[in-house]
Amino acid sequence: MKVGDIVARKSYNKDIVFKITDIIDQDGKKIAILKGVAFRIIADAELSDLELLKPPDIRDILMDKNVESILYRTIKQAKERDRRNLRGLPKAAKQPTANVYGVPGKVLQIDGDKEYLKICLDVYSQLGIPAVGVAIPEANQYKEVKNLLEKHKPDILVITGHDALHVKNGDLKNINNYRNSYNFLKAVKEARKWQPDLDTLVIFAGACQSNYEALMKAGANYASSPGRIMIHALDPVFIVEKIACSRIDVVVPIEEILDQTITGVKGIGGFETRGKFRWAMPRPLL
């Protein structure tokens, strides 16, 4: 087996599809460092515990029937959002001849996985959400986040990548028992130095099994994972869509946001937060 191979762990009944990102020597054994293909998790395993799988298209794994159903529903809602968001506008602005246009919130996604990032950006585009993405290893995200915020000035910041809980260490409260939760926490704190208000800059932070309580305390609006479960690679996108496309005078109900995710309340939690969608008129000539 080699770096880049697609594998599953026999000792876990091949429950998760991984990609090998590195192979190291540890106590005389060959250990593979594994990255989840559909889930934002990092793991390791002896090479002898791995079974080689046929290389799939990563997008095909991400987009199973359940995810396709959620995406279809979300795109359908996105097409209807202009009509939904027209409520509360002056009557003149609702006329067919009114030259109004809608502007969803702008997203900056900092992701430790460039493959996931590309797919997320494709889905943002499908949903009509302006987004920029930068792939940065989790350990370096906190160093770059303030400069990126200053450059792009987003309404919504996503800080994600891969994470995992070291179960053998036990203590769920100890931030050191997580592969990347502390890195995400540092990035959130740096972002809050730039903009402390939770409604001005909305932050999603975390990945699979991340320390939810620590990330929320650091200043995230939404974070994973309350139940220390795996979250889907596209969960941050579905969170963002609901905020980006809800009007600024609306506090988006938490249950509506969680209902739109793939992993639900055990995977994601957060605060009440205002939407970021604005109407404007007249439409620019160019």
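This is a predicted model: local features need pLDDT of at least 70, side-chain atom pairs count only at pLDDT 80 or more; totals for chains, interfaces and linings use all residues.
## Packing of H4 and H5

Two packed helices are described by the angle between their axes and the distance between the axes. For helix H4 (residues 141-152) and helix H5 (residues 181-194), the axes come within 8 Å and cross at roughly 30°. Angles under 35 degrees count as roughly parallel, and H4 and H5 are therefore roughly parallel to each other. Their crossing is right-handed.

## Residues in the helix contact

On the H4 side, the contact is made by Gln141, Tyr142, Val145, Lys146, Leu149 and Glu150. These residues meet Phe184, Lys186, Ala187, Glu190, Ala191, Lys193 and Trp194 of H5. By class, the residues of the contact of H4 with H5 comprise 7 nonpolar, 1 polar and 5 charged.

Rolling a probe the size of a water molecule over the atoms shows where empty space is left. In this model the count is 1 cavity of 30 Å³ or more. The largest cavity holds about 30 Å³ of space.

The lining of the largest cavity consists of Ile156, Val202, Ile203, Phe204, Tyr222, Ile239, Val240 and Ile243. Strand S10 (202-205) and helix H7 (235-244) are the elements that each give two or more residues to this lining. The lining has 8 nonpolar residues, with no polar and no charged ones. The contact of H4 with H5, by contrast, includes 5 charged residues and 1 polar residue beside its 7 nonpolar ones.

Technical notes:
Residues are numbered from 1 along each chain as its sequence is written. Side-chain values use heavy atoms; hydrogens and water are left out. Axes are lines fitted to C-alpha atoms, for helices over the stretch in contact, and angles run from 0 to 180 degrees between N-to-C directions. Helices (H or I, at least four residues) and strands (E, at least two) are DSSP runs, numbered from the N terminus. Angles under 35 degrees count as roughly parallel, over 145 as roughly antiparallel, 65 to 115 as roughly perpendicular and the rest as oblique. A crossing is left-handed if the near helix is turned anticlockwise from the far one by less than a right angle, and right-handed if clockwise. Contact means heavy atoms within 4.5 Å. Ala, Val, Leu, Ile, Met, Phe, Trp, Tyr, Cys and Pro count as nonpolar, Asp, Glu, Lys and Arg as charged, and the others, Gly among them, as polar. On a 1 Å grid over the protein atoms alone, a cavity is a set of points where a 1.4 Å probe fits but cannot get out, and a pocket is an open set with protein on both sides within 12 Å along at least five of seven lines; lining residues have an atom within 4 Å of a point. Grid points are joined across faces, edges and corners, and a volume is the space filled by probe spheres set on the points.
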